[in-house]
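Dear colleague,

I am passing this structure on to you, and below it you will find my notes on what turned up in it. Please read them with the model open beside you.

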Amino acid sequence: MKLSPREAEGYFARPDADKAGLLIYGADAMRVALKRQQVLTALLGSNAEEEMRLTRMPGADLRGDPALLLDAVKAVGFFPGPRAVFVEDTTDVAAPAIIAAFEDWAPGDAQIIVTAGQLKASSKIRKAFEAHPLAYAVGIYDDPPSRGEVERILKQSGLDNIPNDSMSALVELATAISPGDFAQTIEKLSLYKYGDRSELSIEDIMACAPRSTEAGLDDVLNVIAEGRAGEIGPLIRRLQSQGTNAVTLCIGATRHFRTLYACASDPGGAAQGIGKLRPPVYGKRRDRILRQAQGWGAPKLQTALTVLTDTDLSLRSAGQTAPAMALVERAMIRLAMLARSR
């Protein structure tokens with residue numbers, strides 16, 4: 001039988017131990033792996049491998065030894081409780097072994113959990129699971145996680161006492177980063193808040209969320225955007241001593257000013273534009289970017305991007321003889337002076 005995404009979410013949380021099998025397939029291997037981990041834990045508990053109630057095997061092994069799956073399904077365990085055979089990275093070459101195991105499956109046998117990449121509707125494996133009355137097939141797509149799914153992940157990690165603004169920030173973050181990165185962020189948050197019963201704040205999330213740039217680079221970009229020309233030289237020297245090169249600094253500045261321009265040029269204003277940024281920004285960084293975008297305005301930001309583009313072309317020019325970092329520093333000072341102009 002085929003489960004819709006809404007039906008699948010409920011089944012992953014409360015799988016039926018009396019079913020013959022479950023196929024989870026999709027193009028994103030990380031999303032498939034997270035769902036497989038969720039359903040195996042819900043079905044077998046956390047000690048299944050220690051109690052030898054879970055058998056793992058690569059799908060490729062079934063091509064050379066089709067009986068391997070049926071033997072594992074019929075094997076009698078030493079410990080009581082539900083059992084499962086997990087077949088990973090499966091393709092249609094394993095279809096004969098899976099179909100044979102389904103034909104001989106009986107109540108009390110281990111459940112067959114199969115993961116695969118993207119499968120066409122004509123796939124023999126998909127057809128086997130969709131046609132079997134005691135098996136399910138679920139396609140995992142690249143849709144952003146729902147609020148309910150985020151709440152489930154938070155509850156599973158032990159995080160509670162989450163106000164509405166922090167929950168909204170987490171839902172936005174989940175749509176902006178990969179499932180694996182989001183799972184790691186929640187794990188970091190659970191450790192970060194261990195023993196702390198206070199509300200989960202935006203600042204807590206920012207402390208654990210992935211950062212796209214280094215803090216030192218953020219410092220110099222903020223100094224430039226806020227017109228503090230006198231602080232640029234020392235900061236650039238510090239970045240240079242840490243190994244940051246001129247091209248990296250120019251690229252970082254261009255990315256930052258493009259972000260400001262995206263906010264300032266929004267028809268609804270910078271306050272509306274900042275809400276459309278992907279990945280989203282939160283807390284103090286959001287307030288700072290909004291102030292900078294409003295202070296510059298779209299026309300001056302266009303000029304700033306032109307300066308940065310010209311500087312980048314100069315850095316990459318074969319005939320360029322001036323020190324690269326000196327070129328970048330001059331451009332940064334020019335931008336800082338532009339920020340203060342009326």
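The side chains of R147 and E151 meet in a salt bridge, with N and O 3.4 Å apart, where a salt bridge is a side-chain nitrogen of Lys or Arg within 4 Å of a carboxyl oxygen of Asp or Glu. Both residues sit in helix α7, four residues apart and therefore separated by about one helical turn; helices (H or I, at least four residues) and strands (E, at least two) are DSSP runs, numbered from the N terminus. R147 is partly exposed at 36% relative accessibility, and E151 is partly exposed too, at 38%; in these notes buried means under 20% relative accessible area, exposed over 50%, and partly exposed in between (1.4 Å probe, protein chains only).

Before going further, please keep in mind that this is a predicted model, in which local features need pLDDT of at least 70 and side-chain atom pairs count only at pLDDT 80 or more, while totals for chains, interfaces and linings use all residues. Residues are numbered from 1 along each chain as its sequence is written, and side-chain values use heavy atoms, with hydrogens and water left out.

A search of the whole structure finds 19 salt bridges. In one of them, E149 pairs with K35, the closest N and O atoms being 2.5 Å apart. Because E149 lies in helix α7 (residues 147-157) and K35 in helix α2, this pair ties together parts that are 114 residues apart in sequence. E149 is buried, with a relative accessible area of 16%, and K35 is buried as well, at 9%. The two residues also belong to a network of salt bridges that links E9, K35, E149 and R152.

Another salt bridge joins the side chains of R197 and D160 at 3.4 Å, N to O. This pair links distant parts of the chain, with R197 in the loop between α9 (179-192) and α10 (202-208) and D160 in the loop between α7 and α8 (164-176), 37 residues apart. R197 is exposed, with a relative accessible area of 59%, whereas D160 is partly exposed at 42%.

How is the chain divided? The domain assignment gives domain 1 (5-140), domain 2 (147-208) and domain 3 (213-340); such bounds come from an automatic or database domain assignment. The C-alpha centres of domain 1 and domain 2 lie 30 Å apart, and seven residues of domain 1 are in contact with four residues of domain 2, contact meaning heavy atoms within 4.5 Å. The area buried between these two domains is about 510 Å², of which carbon and sulfur atoms give 62%; buried area is the accessible area (1.4 Å probe) that two parts lose on being put together, summed over both. On the side of domain 1, E9, L34 and Q38 supply 51% of the area buried against domain 2, more than any other three residues. Across this interface the rule finds two salt bridges. Helix α2 (residues 29-44) gives the largest share of the side of domain 1 that touches domain 2, namely five residues.

Leaving aside residues up to four places away in sequence, M332 touches I224, I232, I236, A253 and L308.

D89 has a positive phi of about 50° although it is not a glycine; D89 is found in strand β3 (residues 84-90) and is exposed, at 62% relative accessibility. N161 likewise has a positive phi, near 55°, in a residue other than glycine, and N161 is placed in the loop between α7 and α8, where it is partly exposed with a relative accessible area of 34%.

With best wishes
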